[in-house]
Structures are given as C-alpha cells and as structure tokens.
Protein chains: 2
Amino acid sequence: MNSSTFTYPSRVTIREVGMRDGLQSIATIVSTEHKCEWLRDAVTAGQTEIEVGSFVPPKLLPQMADTTQVLAYAKSLPGLQASVLVPNLRGAELALDGEADLMLLPLSASHAHSLANLRKTPDEVVAELGRIRAARDASGKKTLIEGGVGTAFGCTIQGHVEEAEVLRLMQALLDAGADRVSLADTVGYADPASVSRLFEKALKIAGDRFCCGHFHDTRGLALVNVHAALLLGVSRFDTSLAGIGGCPHAPGASGNASTEDLSFMLAAMGIDTGLDVDALLALRAKVAGWIEGEPTHGALWRAGLPKTFASSLRV
Amino acid sequence: MNSSTFTYPSRVTIREVGMRDGLQSIATIVSTEHKCEWLRDAVTAGQTEIEVGSFVPPKLLPQMADTTQVLAYAKSLPGLQASVLVPNLRGAELALDGEADLMLLPLSASHAHSLANLRKTPDEVVAELGRIRAARDASGKKTLIEGGVGTAFGCTIQGHVEEAEVLRLMQALLDAGADRVSLADTVGYADPASVSRLFEKALKIAGDRFCCGHFHDTRGLALVNVHAALLLGVSRFDTSLAGIGGCPHAPGASGNASTEDLSFMLAAMGIDTGLDVDALLALRAKVAGWIEGEPTHGALWRAGLPKTFASSLRV
C-alpha cells in the first residue's frame, strides 16, 4: 500500500477552447452574435481565459472568419484573457492588431501530422515562432506567445512520436522566444503513465513557462490524464464546452475534455476554479442548441449534479 | 512541482460484473445460451474473475433467474473464478450449493438506500453476513465471502453518507466473518480526492482483506477514480463490458466503468491485466448485439485502438 500524500494545486484554471477547437471541427457555423453571447455567459460563469478563434484563412475555416470581431468583443469584457490560435506570422499580425492577450502557435511533434496539418516541418514552425516573437517585440504589444506542442503522445498518421523529439521541440520553441509552452494529446493517445513521464520532463525543461495541458477524450481518458498532470502540479487545462472538438487531420480524434465535467470534478475535489458549474451547464444547453445535430460529449449534463454537491462549491 | 514518484501495481485484476450488475439493470433478458457464450469468450479474452449472476428471487429480477445454470457452466471453465451476488442467507445457500468461488453480500452504507434496496438496515445486513459465515463454515465449502459496502460516497436518496459510517460498517463486516471487503460508488458521486481519502482509510482497516473498487461512470469519473485507487495500490476493480449497469434504486446511476476502456488504459500504462483488448472489443460487439436497443457506454469501441498500441500489449 502506498501513502496518499498526493498534493493537488489549490487553484486550477480551465481555459475554454470550445469556440476555437470545438467550432472549427464542426460543419455548423455559429453566428458572431451567438459567439458573443457565449463569451458573455462564459464570463458570467466565471471563465477568465477563452480561446476565441483562429486567424486562419476564411477559405480554409469559414467557422473562424469572424475572429477579428469576436476578439474585439472579448477584449471589451472585463477580466477576460482572450487568446487566439495563429498558424503563422500573418495570423500573428492579425492577433497583434486585435491586441489579443495571448496567441497560440501550434506545432506538431509528428512530422507527418505537421506536414498534413500545417504544411511545414516542426522546425519550420519553430523558425516561424522566432519571426512572430520579433514582430511582437517590434509592435510594442503585450500579446503573449504560447508554443503548443501537439501530437505529443503519438499521431494517427505517423503513429509513434519520440518523447525526446517532443522535448527537443519544446526547448526549441522556448529558445526561439515563446513566453510559454504547452503540450497537447491531439488524437487521444495519452494515458496517465505517459502523461506523468512526459509532463515531468517538460516541467523540468520549461519550469514556470510550462503553462497548460490539452487532452482529447477520444478514448475516454481525458479526465484521468488531467488527473495525472494535476498530481505533478500542472494547474491550467484546455477544455471545451460540451466536449466539442477534434482535428481535421486526425480521424476519430473528436472530443476535448468537457469544460463542465472537469469543472465538476475539480470542484468536487475541493480545487478552486472560480467556476459556477450550474451556469456552465446552462451555457452548455444553449450552445448545444446552436449546434443542434452536431455530436456533443460529456456526462454531467445527462446525470446532473450529485445531491451532495454543496451550493457552496458552486461558485 | 511535485515529483512523479507514483507507483502503480504491476498487475491488476479486472473483475467482470456486466453479467450481473449490467444485465440486471436492463429490460432485455439475455438467454442462458448467450450468457454461456459470453463466459466462454471472456475466458478466451483472459478474464479470470466474473460475477455470473445474482441469487435473488426470479420474480424480482427475471434476468437473473438462470443463475444456477450459468454458475454451473462457469464452474466448468478452467481457471475461472465465478462469483455471485447474494442478498441474504437464502441466496448464500444457493451459492454454496452451486460451489461459487465467491459470494458478494452487498451492504448500503446509506440507511435510506439500504431500506429501499434491501429492505434491511445496514446493521441487519451485517448480522446476515454473520449467519452466512456460519452456514459457509458448516457446509465445508470453500466459497469466499465478500462484504461490499455500497453508496460509499453518497446516495441519491439520502445524499451525504458519513465516511466514518462507511468505515464502521466495513469493520463490522470483517468482524462478522467476511473474508474480504470492497467499496462501491453505487451512484457515481465519488471523485479522485474522496476516493484517495476513503480508500486509504479502508486499506488501513482491512489491509489485504480489502479486495476491490467498484465505480459507476454516471458523471464520467469512473476511470479517474480507478486511477486514484491504483495510486494507493488497489489492484482489483469491477467493470462491465460495454459499461452496462446501474441501480434500480438510484436514478441516473447507469453505467459501470467499461471493461474494454479500463483494460486499454491499464495496458497502455504497462500494467499487466492478462487481457486481450481486441478479443474484449469483439465480445463487446457481440453482447451489444444481444441487448440491441439498450444503452451501452465506453469510448474505445468507437475510436478503436491507437496506432501505437503495440500488439505485444494486446495479450
């Protein structure tokens, strides 16, 4: 028998990515008005960090065509840190113009996935991050730069991805000027043991600049993978309302960790998230209505909160 | 940052409860022939412990009316430990007659749930276990007696269940003659922190006689709760093929941890279960066909095994 001297962070930030990772992967285009309503309700529910869109060409992802407007609205909401995904320098320039609080440049540690998804090798993405850093510094803007290492646990195209390669690329992103780095299990290949192994090494490399874990629930392990990272002290996770999300170049990769399920789990554990689970469930119902017919995920919305879930835990 | 000095058991036993906890909670009655086919395929897939039925009055649970025949067939399969649920001494006598390897007497730590489900107070169940122990000893049979403490994390009728009461009843079951005890989150109210707290205390009380964790996936936390118990060294878990299951007196309690998802998770973590995940997925498909129209759960069957899941891990 081991001893249960496990320590969890006392506070965890749940970063909403449903508006980007979720909406980009479904056919339904949610209107700018509904996106703004989503932002408003999310802030009311206590969300403080939201990825509001992606500066990719509208021809590729028409769902994200209104990112400039949505970002502008997000910037008007007090207390909200609005982030955007940028695939390259051109996207980063738009993020800087819109004064995003943070821009995330995704890198695929899988070379095959990187070429299919971004049409660049991972090292070309590192070089692009260097250019983005130079542009940010020249602009005088405060937008933070996050380098997100995806397919960190394997990839549906290439299969195995070397841990050493993931860590080399993370170090390279830091060296090229990333303010922060994060790890993503883009296709749902991670398990708690591999999360423990890789995240511990990543924390040794990046220290406080390691900012976030992003887990897809493809094989039902998103929350248990969060748990493994929590035990290492990781205190920020990407999640998606109603668990929407996926990856166009990763068949079967549908489903992020669900915002409402993770916020329930953490609250039940006594970990402060600042989130109102009831309000998140209400927003989930609203969003599910806007994307009717699209697959949604998560368990809490079906079962409801336990009778024992104290109202004191709800905010 | 904490250190990832987490230790997992090197070997874990997954005890199949789908034939009992699963089938008793759905309307479809699976034929004796199909139950025997299920047992055969499960043993071929590497399962060594299966709860094959329940000795309750057939009027109450017609799905379990053939438990005597199913148990007899299970006893003919080499290497299989066949267990049955017994609600009382009468059921235990049938289990002894059939030479079950183990009989599980469920106790609800929630008084309200106990009265609704078993029509007895928890302490009356403890007394019944004493009578069952006497009958077992008098019979000369080797059938082990497990006292299973359910609603250990709360209950949909009563709400909160005191940890101290759960532990008192577990001790009482041991004192009354249980060979083993286990804990069940009957209604899906547990979270990893409450699992750590309660299981650590239970292990201190019962030591090696603490044998199993049983988690329902009502709110999506079954696997993360298993993970919390694994970290304490618990090495046996109840699961249900296709995640079927529930509790007639616990609305919304549908769904055990899914056998195939947990076996995948453990194999991916490098923990030996002796199970062939591909064979379990094939059996899942077969069982889902027999109970067509009934709700099934789990994620792996939909997404398939990762490309990186080595064939060496598959057996």
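## A right-handed unit around strand E3 of chain A

Strand E2(A), helix H3 (residues 67-75) of chain A and strand E3(A) make a right-handed β-α-β unit, where right-handed means that, with the strands pointing away from the viewer, the path from the first strand over the helix to the second runs clockwise. Helices (H or I, at least four residues) and strands (E, at least two) are DSSP runs, numbered from the N terminus. This is a predicted model, in which local features need pLDDT of at least 70 and side-chain atom pairs count only at pLDDT 80 or more, while totals for chains, interfaces and linings use all residues. Residues are numbered from 1 along each chain as its sequence is written, and chains are lettered from A and ligands numbered from 1 in the order in which they are written.

Strand E2 (residues 49-54) of chain A and E3(A) pair in the parallel sense over 5 bridges, two strands being counted as paired if DSSP finds at least two bridges between them. Within this pairing, Gln81(A) in E3(A) is the bridge partner of Glu49(A). On to E4(A), E3(A) is joined by 3 bridges, again in parallel, and Val84(A) stands opposite Met103(A) of E4(A). The chain crosses from E3(A) to E4(A) through helix H4 (residues 89-97) of chain A, and this β-α-β crossover is right-handed. Of the 5 residues of strand E3 (residues 81-85) of chain A, 4 are buried, so the strand is largely enclosed by the rest of the structure; a residue is buried if 20 or more other C-beta atoms, placed from the backbone, lie within 10 Å of its own, exposed if 12 or fewer, and partly exposed in between.

## Strand E5 of chain A and its partners

Strand E4 (residues 102-108) of chain A and E5(A) pair in the parallel sense over 7 bridges, with Leu105(A) opposite Gly147(A) in E5(A). Strand E6 (residues 180-185) of chain A runs parallel to E5(A) and is joined to it by 4 bridges, and the bridge partner of Glu146(A) in E6(A) is Arg180(A). The path from E5(A) to E6(A) passes through helix H7 (residues 163-175) of chain A in a right-handed β-α-β crossover. In strand E5 (residues 144-150) of chain A, 6 of the 7 residues are buried, so this strand is largely enclosed by the rest of the structure.

## Two residues with positive phi

Most residues other than glycine have a negative phi, and most peptide bonds are trans. Glu99(A), in the loop between H4 and E4 of chain A, has a positive phi near 55° although it is a residue other than glycine, and Glu99(A) is partly exposed, with 14 other C-beta atoms within 10 Å. Thr151(A), which lies in the loop between E5 and H7 of chain A, is likewise not a glycine and has a positive phi of about 45°; Thr151(A) counts as buried, with 31 C-beta neighbours inside 10 Å.

## Strand E8 of chain B

In chain B, strand E1 (residues 13-16) and strand E8 (residues 236-239) pair in the parallel sense over 4 bridges, and Thr239(B) of E8(B) is the bridge partner of Glu16(B). Strand E7 (residues 210-215) of chain B also pairs with E8(B) in the parallel sense, over 2 bridges, with Asp238(B) in E8(B) as the bridge partner of His214(B). From E7(B) the chain crosses through helix H9 (residues 222-230) of chain B to E8(B), and this β-α-β crossover is right-handed.

## Relation and contact of the two chains

A rotation of 180° with 0.0 Å of shift along its axis superposes chain A on chain B with an RMSD of 0.0 Å, the copies being superposed by least squares on the C-alpha atoms of residues with pLDDT of at least 70 in both. That is the relation of a two-fold axis. The C-alpha of Val224(A) is the one in chain A nearest the axis, 2.2 Å from it, and the same surface serves both copies, with 100% of the contact residues of chain A recurring in chain B.

In total, 43 residues of chain A are in contact with 43 residues of chain B, contact meaning that the C-beta atoms of two residues, placed from the backbone, lie within 7 Å. Helix H8 (192-206), helix H9 (222-230), helix H10 (259-268) and helix H12 (300-303) of chain A each supply at least two residues of the side of chain A that touches chain B, and H8(A) gives the largest share of that side, 5 residues. The residues of this side divide into 19 nonpolar, 18 polar and 6 charged, where Ala, Val, Leu, Ile, Met, Phe, Trp, Tyr, Cys and Pro count as nonpolar, Asp, Glu, Lys and Arg as charged, and the others, Gly among them, as polar.

## Confidence

The mean pLDDT of chain A is 94, and 94% of its residues reach 70 or more, pLDDT being the predictor's confidence in each residue, from 0 to 100. The model scores ipTM 0.94 and pTM 0.95.
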